[in-house]
Amino acid sequence: MSAPLLEVEDLRVRLRTPRGTAHVVNGLGYTVGRGETVAVVGESGSGKSVSVLALLGLLPARVATVTGAARLDGEDLLTMSPERLREVRGPGVGMVFQDPMTSLNPVLTIGRQLVEGIRAHGEVSKAEARERAAGLLAEVGLPDPQRALDRYPHELSGGMRQRVVIAIALSNNPSLLIADEATTALDVTVQAQILDLVAELQAEHGTGVIWITHDLGVVAGIADRVLVMYGGRCVEDGTVDDVLERPAHPYTRGLLGALPDLATSDDGDLATVPGVPPAPTDLPPGCVFWPRCPVRSDPRCATEQPPLAIVPTSHRDIGGGGLVHRAATWCEEGSRG
Ligand SMILES: Nc1ncnc2c1ncn2[C@@H]1O[C@H](COP(=O)(O)OP(=O)(O)O)[C@@H](O)[C@H]1O
Ligand SMILES: [Mg+2]
């Protein structure tokens with residue numbers, strides 16, 4: 001069995017804030033196999049964005065302390081030199097964040113940004129790169145791609161800009177694609193088009209994908225695995241079938257509207273769990289979910305973090321990433337009983 005494409009191990013991120021040290025990511029570990037799609041879900045503030053920004057060295061060094069390891073093809077992203085990281089980010093990792101303006105240069109035309117990206121990492125002529133850029137814009141559903149190449153970001157709508165960012169991220173056939181609420185602002189038809197395009201890229205190039213979303217339809221539609229984050233930790237990580245059909249953790253059951261008496265969502269988004277998440281500057285001892293947990297099956301939860309169990313899954317072997325289903329077993333017993 002080959003090593004997974006990405007192995008994140010004991011990732012921790014602390015941020016210095018005016019209110020003290022925020023423990024935003026607290027020992028996160030997961031893998032992404034080649035060609036595998038891992039959906040990351042969890043309430044706002046659970047550390048999803050910070051955890052992926054940390055992987056790519058995109059947190060401000062003045063305030064952020066990042067520890068752990070994140071090996072992409074065996075090479076640790078967290079310890080490599082800034083030069084090497086820049087080299088890896090282009091062809092190795094494509095990123096799409098919720099706000100396209102954070103990724104686009106406002107003073108360069110769309111064409112220039114796409115062409116530069118394509119040429120920076122491969123031996124192609126300007127004309128070839130421009131052709132490929134127009135092709136990509138067509139694939140992400142931009143009308144009149146040739147004309148769009150000569151436009152500036154501010155001349156396009158938000159949805160168009162996001163499609164441009166997605167085209168840029170896909171332009172180098174990255175081995176890993178990270179999308180953070182990337183299609184949230186797009187209409188469903190365009191979103192479906194983009195999800196298809198990503199699936200094609202995966203089939204063709206074995207791209208691993210981390211897809212952060214609150215949309216259960218997207219999770220069910222594209223994910224092989226689901227990672228559920230709470231309080232900067234993984235509370236559950238399993239195959240999409242296991243997590244959606246047989247959620248083990250009370251928090252996951254809450255998000256899926258699967259616990260009786262909890263609010264359910266009827267718009268296809270994750271449900272709301274009563275109560276508020278803990279402040280990362282003031283995490284509770286024990287299980288981070290304990291203060292809100294409707295189950296509280298085990299007295300140890302108040303003082304100890306329930307360990308994640310590693311058990312075999314029935315899922316096909318996808319690059320080593322899909323071999324285990326991890327869930328907090330204490331919680332599972334309680335919420336099933
Ligand atoms: N630059 C920052 N400075 C201080 N705190 C931050 C910063 N960025 C994020 N946080 C805090 O880190 C926590 C996790 O944020 P984030 O990763 O954005 O959550 P998510 O993406 O899951 O909604 C939140 O409590 C947020 O307030
Ligand atoms: Mg976020």
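A polar contact is a pair of N or O atoms within 3.5 Å; within protein, one atom must be able to donate a hydrogen and the other to accept it, and residues adjacent in sequence count only if both atoms are side-chain atoms. An oxygen atom of ligand 1 makes such a contact with a polar backbone atom of V50, at 2.8 Å. The model is predicted: local features need pLDDT of at least 70, side-chain atom pairs count only at pLDDT 80 or more, and totals for chains, interfaces and linings use all residues. Residues are numbered from 1 along each chain as its sequence is written, chains are lettered from A and ligands numbered from 1 in the order in which they are written, and side-chain values use heavy atoms, with hydrogens and water left out.

Two further contacts of ligand 1 were computed. An oxygen atom of ligand 1 is 2.8 Å from an N or O atom in the side chain of S49. An oxygen atom of ligand 1 also lies 3.2 Å from a polar backbone atom of S46. The protein covers 63% of the 560 Å² of accessible area that ligand 1 has on its own. Accessible areas come from the Shrake-Rupley method with a 1.4 Å probe; for residues, only the protein chains shown count as cover.

The shell around ligand 1 was then listed. A residue is near a molecule or strand if one of its heavy atoms lies within 4 Å of it. The residues around ligand 1 are L15, T17, V24, E43, S44, G45, S46, G47, K48, S49, V50 and P280. By class, this shell holds 4 nonpolar, 6 polar and 2 charged residues. Here Ala, Val, Leu, Ile, Met, Phe, Trp, Tyr, Cys and Pro count as nonpolar, Asp, Glu, Lys and Arg as charged, and the others, Gly among them, as polar. Helices (H or I, at least four residues) and strands (E, at least two) are DSSP runs, numbered from the N terminus. β1 (6-17) and α1 (48-55) each supply at least two residues of the shell. The most comes from α1, with 3 residues.

Salt bridges came next. A salt bridge is a side-chain nitrogen of Lys or Arg within 4 Å of a carboxyl oxygen of Asp or Glu. The whole structure has 14 of them. In one, the side chains of E36 and R225 meet at 2.8 Å, N to O. This pair links distant parts of the chain, 189 residues apart. E36 sits in the loop between β2 (20-32) and β3 (37-41), and R225 in strand β9 (residues 225-230). Both E36 and R225 are buried. Buried means under 20% relative accessible area, exposed over 50%, and partly exposed in between (1.4 Å probe, protein chains only).

A second bridge joins R130 and D150, with the closest N and O atoms 3.5 Å apart. R130 lies in helix α4 (residues 126-139) and D150 in the loop between α5 (145-148) and α6 (158-170), so the pair ties together parts that are 20 residues apart in sequence. R130 is partly exposed, with a relative accessible area of 30%. D150 is also partly exposed, at 49%.

R147 counts as exposed, at 52% relative accessibility. D144 is partly exposed, at 43%. Salt bridges that share partners also join E7, E9 and R71 into one network.

D144 has another feature. Its phi is positive, about 50°, although D144 is not a glycine. D144 lies in the loop between α4 and α5. D10 likewise has a positive phi, of about 45°, and is not a glycine. D10 is found in strand β1. At 41% relative accessibility, D10 counts as partly exposed.

H249 is placed in the loop between α9 (240-245) and α10 (250-255). H249 is buried, with a relative accessible area of 3%. The side chain of H249 reaches the backbone nitrogen of Y251 at 2.9 Å.

Cysteines were checked last. A disulfide is a covalent bond between the sulfur atoms of two cysteines. The rule used here asks for a pair of cysteine sulfur atoms within 2.5 Å. By this rule the count is 0 disulfides. C234 is buried, at 9% relative accessibility. C293 is buried too, with a relative accessible area of 14%.
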